[in-house]
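Please read them alongside the sequence and the coordinates.

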Amino acid sequence: MEEKTYVSIHELDAKSIVGATDIEADISKDLPLRKWLYAWLLDPHIEGNYQQFIDKWISILIVVNLFALLFEQVPAIFEPNAHLFHYFDVFSVVVFTLEYFLRFYVAPEDPDFAGKPNARTSYLFSPFAIIDFLAIAPFYLKFLGIPLDLRFLRFLRLLRILKLFRIIIPAYHDFAKANQGRTLRQKVHALVFPGTYGGRLQELFDGFIALCVLLSVFAVIMESVHSVSYMLNIQFVILDAVMVGIFTIEYVMRMYSCVEEPGFKSPIAGRFKQGTTVSTFIDFLAILPFFLEGLLHHVLDLRFLRVFRLTRLLKLTRGNDATTTLVKVLSREWPIISASAFIMILLVIMTASLGFLFEHEAQPDKYENIPTTIYWAVITLASIGYGDIYPVTPIGRAMTVVMAFAGIGIFAIPAAILASAFSDELVKEREVLKADLYDIMKDGKISTDELDFIRAEAKRLHLSVEEVSALVRQIQQELEREANFADMPIHQIAAKPELAAEHYKTLLSNIRQLGMLMEPAEFDKLRQKGSRLSAEEVALWQQIRAQ
Amino acid sequence: METQSGPHAAATPSDGGFSTSDFGFFALMALVVVAVTWVGVLSFEEGMHTEKSKRNGEAWVAWLTENSAKRSDPDYPLRACAAGLQAPTAAQPSEPAPEGATEEAPKPAAAAAPNTWGACLAEIVKVPAFAAMVNPFTGKTPELVEKCDPADHNLHGNIAIEKSISNPPGSAVPVTISALVPGDAIDTKLQLKLSICDKGAYPIKVSEFEF
């Protein structure tokens, strides 16, 4: 285990807690150009430079290149848009070439090559540089008119995906270092569950799953477009199988390693508990239709299950806790929501019944019976008003006016309750965070683990830099005031036993000081003269002084 | 939602080897990969069958579209499919098939009234390209059915041709689509819609065209 490091509360920076990206890099303008370029664009150790930004956009470009390569295999997409594919290829190669030459130029500044006799030659023959070269070389070979088999060219272009290793390999090394000496299950746990051991690799894993979710949901949506699904039916089938494969592996990894989570320790009961959590159940729903439809479609018509593939989108809620807050708010406000739902149902039935009563004779085809009139009642009360059914009799219209006014109020109640409950929940959670911060900060120092906790909570509650800053300042002030608690109101001192004890000691000390500093004979004379002190007070005074 | 992995989560030191549960995990992972691959291959094969059925449907559309203009020629060889030559004698205006009705597939040879779809179909199926056509789901020649019905899985890979009739202006529904039955007259141009039945016997529209 690594030794714990601490940060003083006075050095606590709200920007670094929230992860604000507007930290300005501390790079001197007087540096030589090569050093300056390396520091600004490629040095991973300088906070606030453009290295992460460049890495991110290069990764996105690589992934888009992969998709472009896949879509090129579909004549229906490629042929009408061949010129766009070509422009995109040119753009990608230009970006990758710039990156390649930049890295070549600044190689002597890179610590990996700086110590070597010829840094640039060492760079050229490094694995990453060879991958970078292979990513751009096919384009120039084609450009130079060298005849190459198209399939070979495409294969070489596919190698661009290897450029992602520039991000994955350092993340893997950090992960391996952080998890040294840990069991396989703990490593799997670190990879799939957010925590302190996962690091950048866990973030990449989460990002990869999120990308798969988005791609998969996009495919499900596009499958409903006849012209697209007609062209790409087989590609959708392959994509779905690959995505389900990935999601199933993720599901198994999660179920296997969940026993490392606090509260899920038991091998069977813990896994069962994990399987019944909302997020894991969503994971299960995301893969189930594939297996059921694949195996049982000869016997049963299970096409309706396909819609459950859209639940994959809910997998994205795992990171932001929105579902938990929603469930918490709904369960807390359930009595009020159910009461308002009951009133809504009453109003709908009453409106439908009155509508039927007043309009049936005038429009028997539209206001045929009460159940069919319920549709009109809901559309009217919810202020949708399609206009396909409307009252024509004067009394029917008058009743509709009254009911519509009532509907506006009644239908708005649940929305207002939920909005206010959400707001309350956030305030409550912030209060809890404040209490946690107080506990963490009261010893005057914050460990890296505690800092991680604060960071995660600030992220979960969507706190801005200003809010975190205000919270930290408020707690710092409270702690300072506590250190000098004599100024605190007595009820605040009484609320904390440790402060009350300290205060008591201070008071005793003050009494002793008083006794030492004043003239005892004068004091005795004064107290015997009048009735300023009672007998008990005098006894207590003497007792304290005697000690 | 997930319980966050706490900073104080226990980390039992490991000697780098694998425990029994690790091997169980590897076995489960292998099983999962095999299961996904197996179901994936099944789905892929079914998908390929659907693709082949679409190609069959496209071949029908291509032939019917190509012959749409030709069949007005006086020397058009398939006389039963020729347009504008002879008024139908036995043709009765067909009614749209009632919902849920399971009618027999049109039997080309049985409906031989001249200038009707039945007579024309009897000649079309003799065209070598259609005679050699294979329904990838069954391995037999694809049948022309009135409609794809998910309740009848045996229809997968078959072809459904429907006619589209324009309704008078102002109607709520601009066109009525109904099954093309053997007795339908084909002496004038027809708007047709051709679909193939997928693995679940759901229709996949191939094209709408004029014949």
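1. Domains of chain A. The centres of domain 1 and domain 4 of chain A, taken over C-alpha atoms, are separated by 80 Å. Chain A is divided into domain 1 (31-178), domain 2 (179-319), domain 3 (324-424) and domain 4 (494-546); these bounds come from an automatic or database domain assignment.

2. Basis of the note. This is a predicted model, in which local features need pLDDT of at least 70 and side-chain atom pairs count only at pLDDT 80 or more, while totals for chains, interfaces and linings use all residues. Residues are numbered from 1 along each chain as its sequence is written, and chains are lettered from A and ligands numbered from 1 in the order in which they are written.

3. The interface. In this model, 45 residues of chain A are in contact with 37 residues of chain B (contact: C-beta atoms, placed from the backbone, within 7 Å). On the chain A side, the elements that give two or more residues are α11 (184-192), α13 (226-257), α15 (278-296), α16 (322-359) and α19 (448-460). Helices (H or I, at least four residues) and strands (E, at least two) are DSSP runs numbered from the N terminus. The largest share, 13 residues, comes from α13(A). By class, the side of chain A that touches chain B has 19 nonpolar, 16 polar and ten charged residues. Here Ala, Val, Leu, Ile, Met, Phe, Trp, Tyr, Cys and Pro count as nonpolar, Asp, Glu, Lys and Arg as charged, and the others, Gly among them, as polar.

4. Helix packing in chain A. The axes of α11(A) and α12(A) (residues 199-223) lie 7 Å apart at an angle of about 60°; axes are lines fitted to C-alpha atoms, for helices over the stretch in contact, and angles run from 0 to 180 degrees between N-to-C directions. The two helices α11(A) and α12(A) are therefore oblique to each other (roughly parallel is under 35 degrees, roughly antiparallel over 145, roughly perpendicular 65 to 115, and the rest oblique). Ala190(A), Leu191(A) and Val192(A) of α11(A) make the contact with Leu201(A), Gln202(A) and Phe205(A) of α12(A). Five nonpolar, one polar and no charged residues take part in this contact.

5. Chain B. Three helices and five strands make up the secondary structure of chain B, in the sequence order α-α-α-β-β-β-β-β. Of its 211 residues, 31% count as buried (20 or more other C-beta atoms within 10 Å of the residue's own; exposed, 12 or fewer; partly exposed, in between; C-beta atoms placed from the backbone).

Terms used
Contact = placed C-beta atoms within 7 Å.
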